[in-house]
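The following dialogue takes up several features of one structure in turn. Please keep the sequence and the model in view while reading.

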Amino acid sequence: MLKRITTDQLRIGMFIQELGGSWMSHPFWRSKFLLTDEKTLAKVVESGVPDLVIDTARGLDVPAVAAAPAPAPPMVAPPAEPGAAPEPPHTVLPPVASPDYRQAAALCDRSLVVVNTLFHEARMGNAIDAEHCVPVVQEVIDSVAQNPTTLTSLARLKTANGYAYMHAVAVCALMVSLARTMGLTPEQTREAGLAGLMLDIGKTRMPPELHDKPGRLTDAEQAQFQAHVRHGQQLLLEAGGFSEAVIDVALHHHERVDGAGYPDKLAGDRISLLSRMAAVCDVYDAVTSRRPYHAPWDPAEAMSHLARTKGQFDTRVFHSFVKSVGVYPNGSLVRLRSERLAVVRSQGLASLLAPKVAVFYSVAERHALEPFELDLADAKADDKITGIESPEAWRFKDLDRLWLGPLK
């Protein structure tokens, strides 16, 4: 049984499952170990970790009298006015986040208010007003034009509970960025952003228990889930004000170029360009997001996986998507030729293979380094990326701070 305790409750013989706080704030590189001596106990206490998790099945438990107090019950928000939309989620940033990311987070939060309201109205059976979406899409377009990767990188920080709403904003940003990379007209770019925003509106008509069900869906549940694209089409048709292209994306963003998608098993060019674009953006954001039933993939891992998925995505669209997001998107954990680990901070202007990174760990010496930025496009750097690494495998925590803000 896992139990969270404070350091003053820690005793020799306990099995430490996880140390609280940032992995950079303490000297322990093993995240799980049996506490066997006074020296290590003192080291944990002196490290200043706020709390830790012990596994009572693999070590001692805290005495009943010393057990940590039960957490206070969560605060319950006062009841909303009848028919009012619930409070939307917020974008949570580390304190070190740079002004660019804070500006993008503010845009995310403004967008979430609109998306939350639209989804709530659809869930209540009310008509959706397309005019409410236009300012959101335009703000996203302006943000992407100013800094192509800030908003698309930030959007993957969504929490599991806020996934549905933030997914809409994230796909909107990814679609806008992709449209710009592909050289689409301003009108097509606006349609692409609006299509991304309304992509999953049909899920408001799905049974709530299907949204985040862990494990495999039954055939009946799968049919209910796939029906969300028909619901989305119908909702947008009933609302009016949405173009045929946007409605088509709501219906066909799960089609695949090899004909293996749904609902109509369209293949190749029978799938509209915007729907082929949405297929890539939708999957990428889904796999890099934290969900109740799975941890997020590292962005570079996701890109590598999508590249190996033959027959599902339009080749030209996917190549443009890689250019818009990066071979190694911001936040990716990579290994360098110098046998150091680094996190991608921003994309290189000269080459997709040479971004700016924050170097922070020596693999050869198995210890942390004082983080510093390295521009791999600079010949003086004399280093390059040799592969991608899984943060889950390394058990690093708080890697986000290495790409969201200043290193010092």
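Q: In what order do the five strands of the open sheet lie, and is the pairing parallel or antiparallel?

A: Strands of a sheet pair through backbone hydrogen bonds, either parallel or antiparallel. In this predicted model, the order is E8-E7-E6-E5-E9, with antiparallel pairing. Strands (E, at least two residues) and helices (H or I, at least four) are DSSP runs, numbered from the N terminus, and two strands pair if DSSP finds at least two bridges between them. Strands E8 (367-375) and E9 (385-388) stand at the edges with a single partner strand each, so one side of each has no neighbour in the sheet. On average, neighbouring strands are turned by 35° against each other, direction ignored; the axes are lines fitted to C-alpha atoms, for helices over the stretch in contact, and angles run from 0 to 180 degrees between N-to-C directions.

Q: How many bridges join E7 and E8?

A: Strand E7 (residues 356-362) pairs with E8 over six bridges in the antiparallel sense. Ser362 has His367 of E8 as its bridge partner.

Q: What conventions apply to the model as a whole?

A: Residues are numbered from 1 along each chain as its sequence is written, and side-chain values use heavy atoms, with hydrogens and water left out. Because the model is predicted, local features need pLDDT of at least 70 and side-chain atom pairs count only at pLDDT 80 or more, while totals for chains, interfaces and linings use all residues.

Q: Which residues of H9 are buried?

A: Buried means under 20% relative accessible area, exposed over 50%, and partly exposed in between (1.4 Å probe, protein chains only). In helix H9 the buried residues are His228, Val229, Gly232, Leu235 and Leu236. Viewed down the axis of H9, these residues fall within an arc of 120°, so they line one face of the helix; the arc is that of the directions from the helix axis to the C-beta atoms. Their cover includes helix H2 (99-123), helix H8 (219-226) and H10. After H9 comes Gly240, with a positive phi near 75°.

Q: Where does Gly326 lie, and is Gly326 buried or exposed?

A: Gly326 belongs to the loop between helix H13 (315-325) and E5. Its relative accessible area is 0%, so Gly326 is buried. Apart from neighbours within four places in sequence, Gly326 is in contact (heavy atoms within 4.5 Å) with Met303, Phe321, Gln347 and Leu352.

Q: How many salt bridges does a search of the whole structure find?

A: Side chains of opposite charge can pair when their charged atoms come close. The search finds twelve salt bridges, each a side-chain nitrogen of Lys or Arg within 4 Å of a carboxyl oxygen of Asp or Glu. One of them joins Lys3 and Asp61 (3.0 Å, N to O). Lys3 is in strand E1 (residues 2-5) and Asp61 in the loop between strand E4 (52-55) and H2, so this pair ties together parts 58 residues apart in sequence.

Q: Which residue forms a salt bridge with Glu373?

A: The partner is Arg345, with the closest N and O atoms 2.7 Å apart. Arg345 lies in strand E6 and Glu373 in strand E8, so the pair ties together parts 28 residues apart in sequence. Arg345 counts as buried at 16% relative accessibility, whereas Glu373 is partly exposed at 41%.
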